[in-house]
Amino acid sequence: MKQGQTVRLYPQPRLLQWLEGEKEWSAHLNVRAQGEAGRAVQRLKLASELEQAIASRGGALDEEDQPATSIRVNQRDELHPQGYVIQWDEDGLLLEYRSDAGLYYALVTLKQLLSREGLNWDCFRIEDEPDFPVRGLMLDIGRHKIPKLSELYGLVDRMAELKLNHLQLYMEGYCFEMEAFKDAFPGSTPITAVELRELDAYAAARYIDLVPNQNCLGHMGEWLNKPDFRELAEHPDGLPLPNQITFPPTTLNPVDPRSMDLVKQLFDALLPQFSSSYANVNMDEPYGLGRGKSKARCDEIGAGALYMEYADQVFDVIRGHGKKPMMWGDVLASHPELMQRFPEDVTVLDWNYESSISFEAHCKMLSENWIPFYVCPGTSAWSAISGRTDNMLDNISDAAIHGLSYGAGGLIVTDWGDNGHWQVPAVSYPAYVYAAGTGWQTHHHLQRTDWVERYISEGIYRDESGEVGNFLLELGRYHHLENSSIDNSTYTAHLLIRGLMSPERFKAGMDLLMKTFGELGGPGGEFTLDYRYDEMLEWLRQRKAQFGKLKLQAPESDLVMDELANTLRLIEQGVGLHRYMHRIGLPDQAAEIKCLTELREQLETIVREFDRLWRIRNREGGLASSHRALYHLLDQYQERLKELNAQGRTDTLGAQ
């Protein structure tokens, strides 16, 4: 670590000042800390953690060869609760902090520097503290993919290295085991109460608040499609829309006491497993609220009041467990008249996942009404196979800028599981890393993708080629060659989900889908496409060449490489399916059969790998629903090939 160079530390600190001299770490430490500071050192096992980090860099000198490195630890009440000071000089190491969290982040900083900069450092002083008190992520485990406990431990470790301190596991279906409802969800493999308690303790030891998260109004389709719960729906037979489509029941009837009985059972089982003082009740996108069984009450008091009447009951359940509610802010933003009566102990999670829409208006509104809130951008990874990099970067940047400007208490990046949760963990890491940087020091990290790339390559995957960080960012840019009007997803993902059909039928289906979500409150519009096929082939060629250069050395390197290889196959499959549907370079039946045969063979590899890789990281439940579209497409290929081959035989016989 030398003066004049950017220190290889992520997130970058608030202040780095170079001092005179240089000093090398000894393998032996002499820690001096009095009173509470001494107890904090013991709680964090500071000496043993540093000794282990030094040993990993070859610091195994004999005591006679080198004197011990002196470490002085002082508690300073005037520092930020998560702030710290590190000074490395000829006298050794000085650490100053206010609370255990600050001392922990100092330790995280030192371990990262030892790992990436070695044992010989120029002297320096760091003064650091975060811009956002709460920085974290929300992972969807409610749709399809429920990670194994070992994977969640790994996620917590990764978060701790990035100084993230808040984790939510989103739940909407039966992803938490409850004996009372087990028989209604055969084949499920939910996370258990014991596992949640173990994960909670593991996270707390790393100063990460594991916050319970359970939807309880909208997004209840997994429950409402069961006969035992169907009558609790606002629209038991589905929500009729003007385009003659019936949307499946997803919203609970807020005026049916049985709805609250179910919600209370869910939270009474879930909340005792968590030590957090918060709980996210979600309550977003309650489609059809006030238009079905609760219409009479809605007509009497209004849709906003109906929503809050139900919300107040949910809040009371949460408070009964000694916790403070959190909730998504979409309904509140649509009913500003509710601002004046909004409870003071509820934190609003303001979400938005498209970079074309700014957080500024909502942040301003919430701030002016003194409502505590967090900004919640997204990874842009879901329904996109390998993400949408530039949308992600701009979405997180906008959230951080306006969240900081208007006093948001936190920045939480969300990682959803829409349409099968096909994205592998590596696809989401650029967003996790970028959100960690902008959450810690917002303006310092804006658009510093070079820092993101370097940390992913060096800090996460130990890639000797130094390419994997850039590779992951470029992997999320293929959608620029689609030029489609699809919102919050990519054309390629929808191709694979919807299957083999004519371009005209695909467009009609997408028009209907976009219109449907427009009527439910989305952007709506018409499906358009300007696909650059030749440029997409060149993009694939470049990504494959780049992939071939990667030399990952992290413990899970083989698994990650297999996941990324299959991710590339999925995108290539989408390119091939587009070619087939639009008959690009297919002059005759023989060419068509050859194209379909190649697509089928590649897809057979994809689904075989998809299933194998899923089972390494995740529980079995949810796999069948996740890969259903891929197996359906495979069946379509096989059926079409039978038709073409049969037609070819008929033509041959006719010619004879």
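**A tour of helices and sheets**

Author: Let's start with helix 17: 6 of its 8 residues are buried, so helix 17 is largely enclosed by the rest of the structure. Buried here means under 20% relative accessible area, with exposed over 50% and partly exposed in between (1.4 Å probe, protein chains only). Helices (H or I, at least four residues) and strands (E, at least two) are DSSP runs, numbered from the N terminus. The model is predicted, so to speak of local features pLDDT must be at least 70, and side-chain atom pairs count only at pLDDT 80 or more, while totals for chains, interfaces and linings use all residues. Residues are numbered from 1 along each chain as its sequence is written, and side-chain values use heavy atoms, with hydrogens and water left out.

Reader: Got it. Which residues of helix 17 are buried?

Author: Tyr491, Thr492, Ala493, His494, Leu495 and Leu496 are the buried ones in helix 17.

Reader: And what follows helix 17?

Author: Glycine 499 comes next, and its phi is positive, near 90°.

Reader: At what angle do helix 17 and helix 18 pack?

Author: Helix 17 (residues 491–498) and helix 18 (residues 503–519) pack at about 110°, and their axes are 12 Å apart. The axes are lines fitted to C-alpha atoms, for helices over the stretch in contact, and angles run from 0 to 180 degrees between N-to-C directions. The two helices, helix 17 and helix 18, are therefore roughly perpendicular to each other. For that wording, 65 to 115 degrees counts as roughly perpendicular, under 35 as roughly parallel, over 145 as roughly antiparallel and the rest as oblique.

Reader: Which residues of helix 17 and helix 18 meet?

Author: From helix 17 there are Tyr491, His494, Leu495 and Arg498, and they meet Phe506, Gly509, Met510 and Leu513 in helix 18. Contact means heavy atoms within 4.5 Å. By class, this contact of helix 17 with helix 18 has 5 nonpolar, 2 polar and 1 charged residues. Ala, Val, Leu, Ile, Met, Phe, Trp, Tyr, Cys and Pro count as nonpolar, Asp, Glu, Lys and Arg as charged, and the others, Gly among them, as polar.

Reader: What about strand 4, buried or exposed?

Author: 6 of the 6 residues of strand 4 (residues 84–89) are buried, so strand 4 is largely enclosed by the rest of the structure. In a regular strand the side chains alternate between the two faces of the sheet. Both faces of strand 4 are covered, with Tyr84, Ile86 and Trp88 buried on one side and Val85, Gln87 and Asp89 buried on the other.

Reader: How many bridges join strand 4 to strand 5?

Author: There are 6, and strand 4 and strand 5 (residues 92–97) run antiparallel. Two strands pair if DSSP finds at least two bridges between them. The two form a hairpin with 2 residues between them, and tryptophan 88 has leucine 93 in strand 5 as its bridge partner.

Reader: And what about strand 6 on strand 4's list of partners?

Author: Strand 4 is joined to strand 6 (residues 120–128) by 5 bridges, again antiparallel. Valine 85 stands opposite glutamate 127, and isoleucine 86 pairs with isoleucine 126. Strand 6 has 7 of its 9 residues buried, so strand 6 is largely enclosed by the rest of the structure too. Strand 1 (residues 15–24) is joined to strand 6 by 7 bridges and runs antiparallel to it, with tryptophan 18 partnering phenylalanine 124.

Reader: Which strands run parallel in that sheet, say with strand 5?

Author: Strand 3 (residues 69–75) does, joined to strand 5 by 5 bridges.

Reader: What is the order of the 8-strand sheet?

Author: That open sheet runs 9-8-7-16-15-14-13-12, with parallel pairing. Strand 9 (209–211) and strand 12 (278–280) are at its edges with a single partner strand each, so one side of each lacks a neighbour in the sheet.
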